[in-house]
Amino acid sequence: MATPRNHFLLFLNLAFLFSAAIATKVNTENQPTVYIINSMPPNSQSIEVNCSSASSPIVDRELLVTEAYQLNVESKIPYLCIARMTQRRYIQIFDAYLPSRDKAHCKIYWLVNQDGFYLSWDRDKWVRKALWQSE
Ligand SMILES: *[C@@H]1O[C@H](CO)[C@@H](O)[C@H](O)[C@H]1NC(C)=O
């Protein structure tokens, strides 16, 4: 029966469904993305990068110069990556994503060159966070 009370319940149901749909959408849009960019000089070797978290398997990539590794992360979980110059014996582990440091940002950029690993949230201000280590 279409009593006012039934209409009200139907309205509540629909309102709930719509807000759930919006929450899901916002949630995916808020999933941060980490970009790791091989910024070695032209004609340099590639860089091998493996990234993982406690809840995701290792993703193994080889980056040519100027190529970027794009990693969608869960905002509450830290991600570690290990990078290695493929032709030379240099390697480093770095915190690709740290919730305590990065959670306010939806894009986290890493620029990797001969001098090390630089972090930025806006691709304007870069801070070196790690150096290459010899193997
Ligand atoms: C990356 O992962 C691949 C496949 O598991 C492995 O062969 C390689 O040694 C790893 N690279 C580094 C730098 O750990």
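Why is Ile77 classed as partly exposed? Ile77 is partly exposed because 13 other C-beta atoms lie within 10 Å; a residue is buried with 20 or more other C-beta atoms within 10 Å of its own, exposed with 12 or fewer, and partly exposed in between, the C-beta atoms being placed from the backbone.

The model is predicted: local features need pLDDT of at least 70, side-chain atom pairs count only at pLDDT 80 or more, and totals for chains, interfaces and linings use all residues. Residues are numbered from 1 along each chain as its sequence is written.

The protein chain contains 2 helices and 10 strands, arranged along the sequence as α-β-β-β-β-β-β-α-β-β-β-β. Helices (H or I, at least four residues) and strands (E, at least two) are DSSP runs numbered from the N terminus. Of the 135 residues in the protein chain, 18% are buried.

Ile77 sits in the loop between strand 4 and strand 5. Leaving aside residues up to four places away in sequence, Ile77 touches Ser53, Ala54, Ser55 and Pro99, where contact requires C-beta atoms, placed from the backbone, within 7 Å. Ser53 is 24 residues from Ile77 in sequence, yet their C-alpha atoms are 7.0 Å apart.

With the same exclusion of sequence neighbours up to four places away, the contacts of Tyr79 include Val34, Cys51, Leu71 and Ala96.

Conventions. Contact = placed C-beta atoms within 7 Å.
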